[in-house]
Amino acid sequence: MSDPTRAVTPAGPPVKAYRVEATNHDGSFMGKNVTPAKFDSGCKSGFAFADVLFAIDMGTDIVFGDPYPEWRGNLYDISLQPDMNTLVEWKPGVQSVIGDFWLRDGSPNPICPRNLMRRQIDRLAELGYTATVAVEIETTLFEESIQEARARGYRDLTPLGGETGATYNLARSSDWIDYMEAVTDRLDELGIVWEAWTDEAAPGQTELNIAPTDPLTVADSWVRTKQVMREIACEKGKSVTFMAKPTAGFGQGAHLNVSLQREGENQFYAPDGPSELMLNAVGGLMATMAGNTLLALPQITSYRRLVDVSGPPTTITWGVNNKTAALRAIAGHPKYSRLEYRVPGSDVNPYYALAGLLAGIVAGIEKKLQAPPQVDEMAWCLPDDCGVERIPDSMTKAIEALDADSLLREYLGDEFVDFWTASRRWEWMQFHTTGGDPYVDLSEWESRRYFEFS
């Protein structure tokens with residue numbers, strides 16, 4: 001048998017470098033470029049990264065008060081262990097592989113985004129289920145190069161494809177079409193399976209759908225797709241952002257579609273509507289939705305999306321085929337029955353978002369939680385006395401909700417919840433003390449902090 005830790009020399013042009021990759025807690029794509037010899041040795045020993053990776057914010061400041069137990073200010077190394085199943089040729093001469101972070105004692109780092117999601121996948125497997133997930137990625141494209149965007153402070157940019165917005169409009173200028181075709185060509189080369197792309201509601205905005213598959217593959221494909229879109233933008237002298245609201249206009253999200261299988265059969269299907277298992281999953285997701293908001297909406301700008309009648313959900317609601325609710329159930333089809341979780345913004349960390357989603361589902365199944373009454377009418381603008389809660393619409397409200405969520409503490413772990421709430425308190429403090437403005441539609445502080453690295 002071959003050694004799974006040994007580097008594989010791919011066919012094709014000589015390999016000049018390997019890029020080892022992962023995301024940090026904010027979802028930024030991190031990594032190192034190493035020689036083939038270094039990669040071969042690192043496949044056995046792991047690749048050293050300073051643990052400050054999880055103790056530094058998007059403004060490159062140290063997060064004081066961070067409860068991450070490994071962070072003691074000594075810059076200890078943690079180890080990135082490559083997952084050889086993710087090895088691809090990124091470009092001629094450069095191979096790319098995604099990995100997981102491990103601690104010095106040889107245990108998985110509990111706040112590593114990929115490890116957090118793996119734990120939920122394993123717990124679901126213990127119940128006898130596998131999950132199939134797809135994601136709809138929204139992003140906004142601009143005519144200016146990233147260098148021009150930087151010079152302008154990422155403000156007053158020109159939407160690629162025209163100033164007007166109209167969903168599904170095919171009459172876009174060729175520069176917009178050329179960009180998206182170049183992106184999908186690269187995805188094909190990398191083996192990332194996509195299903196569709198389309199014009200979205202805001203000027204310059206597009207949606208690209210990653211095909212349904214297992215959660216780990218979807219998350220890996222998602223972070224790589226974002227990197228592809230950035231690289232193609234640079235090549236074409238354009239810019240792209242995954243900010244949840246890059247302009248004062250429409251925001252952008254990342255809807256997650258999930259179903260559960262057992263022995264190849266969709267367990268969310270029932271001929272007369274949602275199956276009992278789907279209703280338990282709904283019960284778990286509704287019970288954890290307020291707390292999960294902090295994972296689904298990770299940045300200050302994330303909460304600016306939550307405007308009634310503008311697309312994103314604003315209430316903790318579910319309904320069969322109700323796109324105004326936070327959780328949409330598609331029922332009655334043996335293949336396509338699924339839940340669509342519509343809360344996440346496009347700036348979300350894919351692994352954290354999926355970990356929270358799966359944790360809610362597992363909690364609902366294990367504890368046989370019942371789905372509350374569904375909402376049949378429009379779920380926006382509901383009166384305060386209707387008994388329906390609103391999604392936490394500020395970071396502080398979301399922090400409080402996650403901190404108090406006993407289910408998410410049980411399934412995600414106290415260590416992670418304490419770490420994540422502390423990091424978001426820091427983000428809120430930085431916004432309010434280093435130049436953020438809560439009284440405008442979008443502050444310059446947010447544009448400079450989130451435009452490139454969300």
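1. How do the residues of the lining of the largest pocket divide into nonpolar, polar and charged? The model here is predicted. In it, the lining of the largest pocket divides into 13 nonpolar, 16 polar and 12 charged residues.

2. Start with the pocket itself. The volume of the largest pocket is about 930 Å³. Its lining is made by 41 residues. Nearest the centre of the largest pocket lie Glu136, Glu207, His255, Asn257 and Glu340.

3. Next, the elements behind that lining. Those giving two or more residues to the lining of the largest pocket are β7 (130-142), β8 (194-199), β9 (205-213), β11 (254-262) and β15 (338-341). Of the elements, β7 gives the most to this lining, with 6 residues.

4. Now turn to a helix pair. Helix α8 spans residues 395-403, and helix α10 spans residues 414-433. Their axes come within 10 Å of each other. The axes cross at roughly 165 degrees. Angles over 145 degrees count as roughly antiparallel, so α8 is roughly antiparallel to α10. The crossing in which α8 passes α10 is left-handed.

5. Which residues of α8 and α10 meet? From α8 come Met395, Thr396, Ile399, Leu402 and Asp403. On the α10 side they meet Val417, Asp418, Trp420, Thr421, Arg424, Arg425, Glu427 and Trp428. By class, this contact of α8 with α10 has 6 nonpolar, 2 polar and 5 charged residues.

Definitions and conventions: Residues are numbered from 1 along each chain as its sequence is written. This is a predicted model: local features need pLDDT of at least 70, side-chain atom pairs count only at pLDDT 80 or more; totals for chains, interfaces and linings use all residues. Side-chain values use heavy atoms; hydrogens and water are left out. Axes are lines fitted to C-alpha atoms, for helices over the stretch in contact, and angles run from 0 to 180 degrees between N-to-C directions. Helices (H or I, at least four residues) and strands (E, at least two) are DSSP runs, numbered from the N terminus. Angles under 35 degrees count as roughly parallel, over 145 as roughly antiparallel, 65 to 115 as roughly perpendicular and the rest as oblique. A crossing is left-handed if the near helix is turned anticlockwise from the far one by less than a right angle, and right-handed if clockwise. Contact means heavy atoms within 4.5 Å. Ala, Val, Leu, Ile, Met, Phe, Trp, Tyr, Cys and Pro count as nonpolar, Asp, Glu, Lys and Arg as charged, and the others, Gly among them, as polar. On a 1 Å grid over the protein atoms alone, a cavity is a set of points where a 1.4 Å probe fits but cannot get out, and a pocket is an open set with protein on both sides within 12 Å along at least five of seven lines; lining residues have an atom within 4 Å of a point. Grid points are joined across faces, edges and corners, and a volume is the space filled by probe spheres set on the points.
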